[in-house]
Amino acid sequence: MVYAKSWILKKHLEGSPTHGNFELKTVELPPLNNGDGFPSMLLCIKNLCLFSFSRVAAKRLKEGDMMMGQQVARVVESKNSAFPTGTVVVASSGWTTHSISDGKDLEKLPAEWPDTLPMSLTLGIVGMTGLTAYFGLLDICGVKGGETVMVNAAAGAVGSAVGQIAKLKGCKVVGAAGSDEKVAYLKKLGFDVAFNYKAVESLEETLKKASPDGYDCYFDNVGGEFSNIVIPQMKKFGRIAICGAISVYNATRPLPPGPPPEIIIYQQLRMEGFIVTRWQGDVRQKALKDLLKWVLEVRGSRATPPIVHWIPFPSDMIGFVSTANTGPPHCSPF
């Protein structure tokens, strides 16, 4: 008999999340079945990543449903020949200590994974956050060496990866973050220009000073008024990858209008929103190999973001949505 501790959605979010939106419950798990393709494995959590939490996706949850989240887990009991006991997997099991799986949608840790590298990075730079940066920058923006890249929320999980990949590709990188501590972090990562957008007198002038000729690529994690100021400074044929809109996630009032249409038309800009699950199969595996290779190289090792453990939960998620975090929100949630 196995019991799991699981965080559930107690009340739908209105504005900023609070502890009252969540409830910790203990549930008894059913026994395992025999045979592949059935609920035949018991997983035990090792690390949980909140990056996979989405305000938009969370609206599809019903009150009482388990919160969503990706985790690194170990198979502690198995009747599935493809996943023997001891196998380490990446699973989308939600915010729970234990879960039952039939093996579908589980991803094994790569065979070439070094023992010296934390497994939690499969939830970060060599996982969903790294893949988001990789495809958004290289596929959506189609970045080229010598170009100038602007990224906001640059000290976050995705933003910090975007900046480092852009530097590996020979770009000039300008990053905006919300504190002097985060700016110092970006400079350690090799950003050419980093600034605290909360401390500058004029965001428009700060952006112009950072790149007087404008920006070829804009990786947007923030949206709102910030983007309305960046987009007029895009070069002709500039590309914009819309990854997130954290400035409006907690909004309860009408959203501000978007950028002037004439700027997009006459600068011939291309804007595209994306979700990382679009890329599967061989292209995804190639991206993961590239990310792992970069992490293991001297420059790429700086892409290993700070990993936060043992912080009371769900404080982690509240900090994540409020942009209090630096790097990816990894945690032990129980």
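A: In β10, A177 has N196 as its bridge partner. This is a predicted model, where local features need pLDDT of at least 70 and side-chain atom pairs count only at pLDDT 80 or more, while totals for chains, interfaces and linings use all residues. Residues are numbered from 1 along each chain as its sequence is written, and side-chain values use heavy atoms, with hydrogens and water left out.

Start with the pair itself. Strand β9 covers residues 172–177 and pairs with β10 in the parallel sense. The pairing runs over 4 bridges. Pairing here needs at least two DSSP bridges between the strands. Helices (H or I, at least four residues) and strands (E, at least two) are DSSP runs numbered from the N terminus.

Now the sheet. The order is β10-β9-β8-β11-β12-β13. This is an open sheet of 6 strands with parallel pairing. Its edges are β10 (193–196) and β13 (270–273). Each edge strand pairs on one side only. From one strand to the next, the twist averages 15°.

A helix lies over this region. Helix α5 (residues 203–210) lies across β8 (148–151), β9, β10 and β11 (215–220). Against β10, α5 runs at about 165°. Axes are lines fitted to C-alpha atoms, for helices over the stretch in contact, and angles run from 0 to 180 degrees between N-to-C directions.

Further along the sheet, look at β12. Strand β12 spans residues 234–242 and holds F237. The phi of F237 is near 65°, positive although the residue is not glycine. Most residues other than glycine have a negative phi. D105 also has a phi near 65°. D105 sits in the loop between β6 (98–101) and β7 (107–108). With a relative accessibility of 75%, D105 is exposed (over 50%; buried is under 20%, partly exposed is in between, with a 1.4 Å probe and protein chains only).

S160 gives a contrasting surface value. Helix α3 (residues 157–168) contains S160. S160 is buried, because its relative accessible area is 2%. A polar atom of the S160 side chain lies 2.7 Å from the backbone oxygen of G156. Beyond its neighbours within four places in sequence, S160 is in contact (heavy atoms within 4.5 Å) with A154, A155, Y185, L189 and F191.

I45 is another buried residue, at 16% relative accessibility. Strand β3 (residues 41–49) holds I45. The C-alpha atom of I45 is 6.1 Å from that of V72. Along the chain, I45 and V72 are 27 residues apart.

Next, a helix pair. Helix α2 (residues 128–140) and helix α8 (residues 281–296) have axes that come within 10 Å. These axes cross at roughly 110°. So α2 is roughly perpendicular to α8 (65 to 115 degrees; under 35 is roughly parallel, over 145 roughly antiparallel, the rest oblique). On the α2 side, the contact is made by G130, L131, Y134, F135 and L138. On the α8 side, V283, R284, K286, A287, L288, D290, L291 and W294 take part.

Last, the whole chain. The protein has 9 helices and 14 strands. Of its 334 residues, 50% are buried. Contacts between residues at least 6 apart in sequence include 67% that join residues at least 24 apart.

Definitions and conventions
Polar contact = N/O pair within 3.5 Å; in protein donor to acceptor, adjacent residues only side chain to side chain.
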